[in-house]
Every structure is written in structure tokens, then in C-alpha cells.
Amino acid sequence: MIRYTITTVLLVLASFVVQQFIPAFTGFHQSRILLVQLVFLCSAVTVGSPTMLLLAFISGFLWDTQSYIGTLNGDPQIYTQPVESLRFGYSILLFAAMGYLMQGVQPLFHQGKWQFSVVLSGIAIFLYLMAEYLIICFVRGGMMMDRFIVIQMACTALLTMLFSPIVFWILFRIAALCRHSINPAAAKKKNRRRRR
Amino acid sequence: MKPLNLIALLLFLGAATWALTRSESAVRDIQSKYFAAISPFLKSGSELETHARAFLEETNHSKALETELEAMRGEMGRLRLIESRYRDLETENNQMRRALAFKKLTRFDVVGAQVIRRQPTTWWQTVEIDAGEKSGIALQYVVLSNEGLVGKIDRIDKDRSSVLLLTDEKCLVSAKVEGSREVGILSGQRSQADGEPRLRLKYLSKDAQLKAGQRVLTTGLGGIFQPNIVLGTIESVESDALNSEAIVRPAVDFADLSTVFVVLSGDP
């Protein structure tokens, strides 16, 4: 169990490095693969609530660390209406909320029905982006929700979701190597079949 | 709820509150440590990317590249001559300013840098360049390309820095329209329709007489950007009861940004 937890933390950290080299797909509505969020969401469904919260804290904290933009502006007499920055740490709460959402399908995942988690990871990515955008609108003022933004979020969610079976496969392999069962019901069924 | 889950939730909320209450300087320290930790990966990754791109380009367009290289060599020689002439004129200008007891000297030294990473997030427009404090760069320094203004330095480390692009909503630039008396604040837009970045020039006068194609330049006001740097061209103008706004097409092709120049002068 502890080995699996440590490995998922390392996997999240590795996803931060890989994410640096994943560009936006300009021909696909500026969408991108959000690998960090995907690894977190897939891991969240395989672990208990305390580990999920630990992963949410690490992911949100590092995500904000790499994307935080300073508040410095020029002369306030010229730039009278500066654009607000988002508070450092807001992503931690977003990650936790998405993690709890993923844990909602944990009973199905434990029965070996991981396909529901794949679909939910896409929905969670979309909700994550939507929530992030709404926070920006709330903090900076002016609600601008046009077709392009919705398509961009949907394409990003879809593109990211397509890679979730690979992440689940990696997690299953890691669990097997750590001798930890992440879907006990499916493992029990398998054992029963073997005995017969 | 199980006691263990409740304890974990309380610890999580405590840690999240701690993170949310960090000051900007504390966040900058954390950022500096984070980027120092991942810099070996960034460096090797960007080198790998550069080599792969160079290899592909070389195999695809070796002939075309050779011709282009020749043309660029010629152009570089011409620019060197112009630069040396410009330096002479600058020195002469400074000498004359001194002679006139005019205290403010013009400085326009630049350092070249390569874009090594694009921001891997959806809503923020930044790029990472391979020059930092060691090259004499500091926060808020202006970043240019040969087409016009790229943005300003937002975060700095020893040998790399982050550039907040002009297309980001947070990058505000005091701007004027060439051939008119209109002055406003230019910034990126939150939503970039069809993926092509457009800028918004706000706070123009209600009856601004502007035409599509007019150039937009920096005013030099506000303490960050030097005057008369090209920002873009006007595409359309929208007016309401109080003021007008213009949609501006940026001069720089942000999708194809590879080499940039940081102006090594804090004086606008």
C-alpha cells in the first residue's frame, strides 16, 4: 500500500516534467493534453481519501508554482485598472474537488469497470477548466463565454480523456509490481475463476 | 465519515489555507526552487526538441535552408554594417547630449535568447527563454522580436526567465495609434476567437477616427516599455456611448516564436 502511494506521488511528479514538453494543438482549437490533471484523476480513483488529498495538495501546489504570474504593473497613474492575478493555491482546492468527484465512481472501479472512470476523467477535466475559467472571470470581472472557449475546453477534455486508458494501464502495472490490489472485487472474481 | 478521512481533510484544509496565504515574495521563492529543481529536465528536454526539429527541418528542406542561409548571411552582414553605423550615431548623439548638458542618455542594448518552453496551461500566455540574471536581465524588462513587442519579463532565474506575452490579458501596454492623437491601453483578450490572437486597445475617445491598417505603437508612458515599439495594426473599431475600442492584430507571430531579444535597459 505504502509503496503504491509513494509511486503514485512520483508518477504525479514525473507528469509535471513531461507536461513541460506537451504543446498546444493549434489545429485542434488550441487544445492540449493536461497530463498532470489526468494522472491525478486516474490515481485519485485508485487510492483512499487521505492519499487523494495528499496528491491534490502536491498537484495543485506545483501547478500554481509553475503557472503563477506576478502582480507587478507599471506606473499606476497610467495603468489605472490593472488586471488581477489569481491567488496562489486555488488549484489545490480545484484538484481536491475533482478528486472527490472521481472517488464517486470508486465502487464501480473496484468491480473492475474502469471504463466509467475513463469517461468521468474527461468530464472532470472539462469541469476543472470551466471552474478555472469562471474563477478568472469572477476575479477579473466581465463574463465572456463564447463558442470558442467552450470548444477549446471540450477538445482539451476529449483529447486528455483519450489518454486515460494508458494511465490506468500504467497504474495497474505499478499496483501489480507493488503487490497492491487497486480493484479488489475484480481480483476476487479472477481468483474464483482460477479455483474453478 | 471515517476518523482517518476527517483528520486527512482537516490537515488538507490547513495546508491549503497555508498555501493560499503565501505572500508574492514567498511564492517567487517557491517558484525559483521549483524551476531550479526541474531545470536539468527542461534543459535536456529543450535540447532534444531543438535537435529533433533541426534534424527534421534539415532533411525536409536542406536545399531551401541552404538558400535561406545564404540570404540570411547577406542580410546579417548588411545589418552589422547598419548596427555599427547606428552605434557611431548613438555615441555621437550621447556626446552631443552631454555637450548640451542633457542628462538622459539613450541606451538600447539587447541580449538575444531562445524560446525553450511554452506555457503548458490553457489560460495564461507565457514562454520561457534561455537567458536570465547572468545575462543582465531583470524583472519587467521588455522583450522584442524583429517584428515588434513580444512582452515583458515576469519571472527570473539565473539562466532562464519567463516572458508574459503581449497576448495575455494581464500584459497591459500604453499605446498610441500612428497618424492620430488617440492613446489607450492595449492588452490581450481572455478569449482568442479561432485561435488567432487579437489584442484590444481600450479607452480611446468616443469619436476616434481610426482606420483598419493603422499601426499601433508604444507611447513610452508607464515606466516599462520604450516608446515607438510596433505592437500591431488596427483591424476594426467598436464604439459605445462612452468610448471606443479597437481590435488589433499583433505584429508578432506568436505561434512561430523562436528567437527574442531582451532590452537591457530599465529606462523607457
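**View 1. The fold of chain B, in a predicted model.** Chain B holds two helices and 12 strands, where helices (H or I, at least four residues) and strands (E, at least two) are DSSP runs numbered from the N terminus. Read from the N terminus on, its elements follow the order α-α-β-β-β-β-β-β-β-β-β-β-β-β. This is a predicted model, in which local features need pLDDT of at least 70 and side-chain atom pairs count only at pLDDT 80 or more, while totals for chains, interfaces and linings use all residues. Residues are numbered from 1 along each chain as its sequence is written, and chains are lettered from A and ligands numbered from 1 in the order in which they are written. Of the 268 residues of chain B, 29% count as buried, that is, with 20 or more other C-beta atoms, placed from the backbone, within 10 Å of their own.

**View 2. The side of chain B that touches chain A.** Here 49 residues of chain B are in contact with 48 residues of chain A, a contact being a pair of residues whose C-beta atoms, placed from the backbone, lie within 7 Å. At least two residues of this side of chain B come from each of helix 1 (3-20), helix 2 (24-99), strand 1 (110-118) and strand 4 (149-156) of chain B, and helix 2 of chain B gives the most, with 10 residues.

**View 3. Helix 3 of chain A.** The 19 residues of helix 3 (residues 49-67) of chain A should span 27 Å at 1.5 Å a residue, which agrees with the 27 Å between its end C-alpha atoms; the expected span is 1.5 Å times one less than the number of residues. Helix 3 of chain A is mostly covered, with 16 of its 19 residues buried.

Notes:
Buried ≥ 20, exposed ≤ 12 C-beta atoms within 10 Å, placed from the backbone. Contact = placed C-beta atoms within 7 Å.
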